[in-house]
Number of protein chains: 2
Amino acid sequence: MGLFLSTAVNKIDRKGRVSIPSHFRAALSGQSFQGVVLFPSHHYACLEGFGWDYIEEISQRLDTMDFFSNEQDDLATTIFGESVQLSFDNEGRILLPQGLREHAALDGDAVFVGLGRKFQVWEPAAFEQRKAESRQGIKSKALTLPKGGVV
Amino acid sequence: MGLFLSTAVNKIDRKGRVSIPSHFRAALSGQSFQGVVLFPSHHYACLEGFGWDYIEEISQRLDTMDFFSNEQDDLATTIFGESVQLSFDNEGRILLPQGLREHAALDGDAVFVGLGRKFQVWEPAAFEQRKAESRQGIKSKALTLPKGGVV
DNA sequence: TGGGTATATATGGGATATCATGGTTTTATA
DNA sequence: TATAAAACCATGATATCCCATATATACCCA
């Protein structure tokens with residue numbers, strides 16, 4: 001397995017904890033780090049999430065760049081500097097840092113959307129809007145999957 | 001594990017001590033030397049930091065460069081000449097040498113930014129500027145990760 | 001098939017441990 | 001002996017652990 005699928009909505013409790021949907025946790029069960037990495041999306045008011053292996057992959061790609069190059073620094077500052085490593089508690093929850101909650105305007109409920117190798121976390125109303133937009137986008141541009149490609 | 005992620009701001013006390021964020025210490029927990037290596041960045045008014053293992057890797061990479069090139073001299077001078085090895089106290093703090101504090105204009109608060117294999121230490125206002133700059137840099141140059149997608 | 005039981009998941013709350021921070025005392029050093 | 005550095009101790013805030021419970025899901029057996 002290892003792919004994030006489907007959508008689920010969970011509650012954020014007064015301490016700022018949320019359960020990661022169990023099927024998302026199942027997708028991560030094989031990994032060394034039991035938790036997720038979250039990152040504020042630059043396109044939308046939502047969070048992007050993935051497993052530890054994905055971060056390591058990014059790190060390896062960055063390592064192929066020059067040591068103290070500006071390009072490497074720019075990418076690393078935005079990608080690594082803004083992502084947070086959050087481990088599961090015994091109940092499969094994470095504690096959402098304040099900054100991330102604000103970025104996605106999360107309060108009360110959180111929508112988890114599976115997108116294959118990554119997932120997103122949305123405030124419910126914002127997600128409804130996004131969903132409508134994306135349907136519209138698919139219609140107007142007649143988007144299809146690239147041949148044999150990944151989303 | 002072993003990657004530096006996310007951003008945290010800690011206080012420098014009147015003796016010049018700062019806590020290294022606990023998740024950074026966790027990333028270094030497997031290493032023989034319990035502490036960090038810091039040196040003044042030549043690109044920015046900040047400090048660059050990493051664990052002991054990374055110093056060795058840098059040394060190896062320098063060996064692959066032209067022997068008496070200016071570039072190698074610069075790097076070698078910076079990295080080996082200006083680096084300071086600072087060990088944790090029982091509370092996970094280091095004592096910042098005066099010269100380094102001045103280079104990064106550190107006073108009061110210090111921002112720790114994870115960049116994967118290394119991290120940086122910034123004066124808060126200076127980092128805000130740097131953050132904007134790096135986002136801009138990515139956009140304008142349409143930077144993507146080598147051989148692969150953007151996050 | 002129906003109904004009931006067991007199991008897993010999501011959620012809440014109190015107790016406990018960790019972290020960042022400040023200060024005091026002891027040790028090393030010049 | 002003067003000074004800086006290291007070790008030690010204290011504390012509030014916050015994160016983590018642990019237990020309880022409700023609800024939903026899977027499972028079993030008549």
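## Cavity and aromatic pairs

The largest cavity holds about 80 Å³ of space, a value that comes from a predicted model. Two cavities of 30 Å³ or more are found in the structure.

Residues of both chains line the largest cavity: chain A supplies Ser59(A), Leu62(A), Asp63(A), Gln72(A), Ala76(A) and Phe80(A), while chain B supplies Tyr54(B), Leu115(B), Gly116(B), Arg117(B) and Lys118(B). Within chain A, helix 2 (52-63) and helix 3 (70-82) each contribute at least two residues to this lining.

Aromatic rings are the second topic. Over all chains, a search of the whole structure gives 19 aromatic pairs. One of them joins Phe33(B) and Trp52(B), whose ring centres are 6.5 Å apart and whose planes meet at 70°, so the pair counts as edge-to-face. Because Phe33(B) sits in the loop between helix 1 (22-27) and strand 3 (35-40) of chain B, whereas Trp52(B) belongs to helix 2 (residues 52-63) of chain B, the pair ties together parts that are 19 residues apart in sequence.

The two partners are listed here with their accessibility.

| Residue | Relative accessible area | Class |
|---|---|---|
| Phe33(B) | 17% | buried |
| Trp52(B) | 31% | partly exposed |

Phe33(B) is classed as buried because its relative accessible area of 17% is under the 20% cut-off, whereas Trp52(B), at 31%, counts as partly exposed. In chain A, ring pairs also link Phe4(A), Phe24(A), Phe112(A) and Phe119(A) into a cluster.

Methods
Residues numbered from 1 in each chain as written. Chains lettered and ligands numbered in written order. Predicted model: local features only at pLDDT ≥ 70, side-chain atom pairs only at ≥ 80, totals over all residues. Heavy atoms only, no water. 1 Å grid on protein atoms, 1.4 Å probe; cavity = no way out; pocket = protein on both sides within 12 Å on 5 of 7 lines; lining within 4 Å. Points joined across faces, edges and corners; volume = space filled by probe spheres on them. Helix = DSSP H or I, 4+ residues; strand = E, 2+ residues; numbered from the N terminus. Phe/Tyr/Trp six-rings, centres within 6.5 Å; stacked < 30°, edge-to-face > 60°. Buried < 20%, exposed > 50% of the residue type's maximum accessible area, 1.4 Å probe, protein only.
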